[in-house]
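Hi everyone, thanks for coming.

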Amino acid sequence: MKKYFSILSLLAFAGILMSYSFASADAAKGEEIFNNAKVGNCKTCHNINDKKKVGPGLKGVTDRQPKEWLQKWIADPQAVWDTNGPEVQDLKKRMNKVDKPKTAMKPASKLAPEQVTDVIDYLATLK
Ligand code: HEC
């Protein structure tokens, strides 16, 4: 009986370890994409603390913007800018661009949707 329980707890522990390493592997891929000038190139315009660069500092961004919004924004910022939805209005106010028809953010056109998800997983670690 005792042996049976210890095997069970070992399995549970292994499960926790595996799910943890899968989650962090995506964030690690996202970090690489974020920093690589030839791939995501996000670092050129964004700090990972709360200081503005060309764009806003991205610390805590997954708390202020929904993940589905981020997925669309990173792939095609101008299309999302044109929707002028509540997230965009908030961003425009913070950037002092309430009347600007064009966003200064470049689309991550080289990124596959899974890579954008990896970047969002990385952004979620910036707390
Ligand atoms: C050429 C500069 C530039 C690059 C490159 C760039 N961004 Fe941006 N980003 C901006 C600007 C500028 C804004 C704010 C909108 C504006 O002022 O037009 C912004 C806004 C954002 C926001 C919204 C932040 C908030 O506080 O709501 C996110 C998230 C974001 N960018 C992520 C990324 C990611 C991820 C990448 C890389 C794939 C990236 N950006 C590449 C300039 C850039």
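I'll start with the overall layout, then go to the metal site, and finish with a few loop residues.

Some ground rules before that. This is a predicted model, so local features need pLDDT of at least 70 and side-chain atom pairs count only at pLDDT 80 or more, while totals for chains, interfaces and linings use all residues. Residues are numbered from 1 along each chain as its sequence is written, and side-chain values use heavy atoms, with hydrogens and water left out.

Okay, the layout. The chain has six helices and zero strands. By helix I mean a DSSP run of H or I with at least four residues, by strand a run of E with at least two, and the numbering goes from the N terminus. Read from that end, the order is α-α-α-α-α-α. The chain has 127 residues, and 30% of them count as buried. Buried is under 20% relative accessible area, exposed is over 50%, and partly exposed is in between, using a 1.4 Å probe and protein chains only.

Now the metal. Which protein residues are the donors of the iron atom of the ligand? They're H46, through NE2, and M105, through SD, lying 2.0 to 2.1 Å from the iron. A donor here is an N, O or S atom within 2.8 Å of the metal (3.2 Å for Na, K and Ca), and since water is not among the atoms, sites may look incomplete. H46 sits in the loop between α1 (2-35) and α2 (61-64), and M105 in the loop between α5 (86-95) and α6 (113-123), so the pair ties together parts that are 59 residues apart in sequence. H46 is buried at 12% relative accessibility, whereas M105 is partly exposed at 25%.

And the geometry? The iron site is octahedral, with six donor atoms and angles of 88 to 179° among them. For six donors, that label needs opposite donors over 155 degrees apart and all others between 65 and 115.

Let's zoom out to the whole ligand. It is surrounded by 26 residues, and the closest are C42, C45, H46, K97 and M105.

The side chain of R94 comes 2.7 Å from an oxygen atom of the ligand. With A104, a backbone N or O atom lies 2.8 Å from a ligand oxygen. H46 turns up again here: its side chain reaches the backbone oxygen of P56 at 2.8 Å.

Last stop, the loops. G55 is in the loop between α1 and α2, and it is buried at 9% relative accessibility. From G55 to T103 is 9.9 Å, C-alpha to C-alpha, though they're 48 residues apart in sequence.

Here's a backbone detail. Most residues other than glycine have a negative phi. N41, not a glycine, has a positive phi of about 60°. N41 lies in the loop between α1 and α2, and is partly exposed at 31%. N96 also has a positive phi, near 55°. N96 lies in the loop between α5 and α6, and is exposed at 67%.

Definitions and conventions:
Tetrahedral: all angles 85-135°; square planar, octahedral: opposite > 155°, others 65-115°. Near = heavy atom within 4 Å. Polar contact = N/O pair within 3.5 Å; in protein donor to acceptor, adjacent residues only side chain to side chain.
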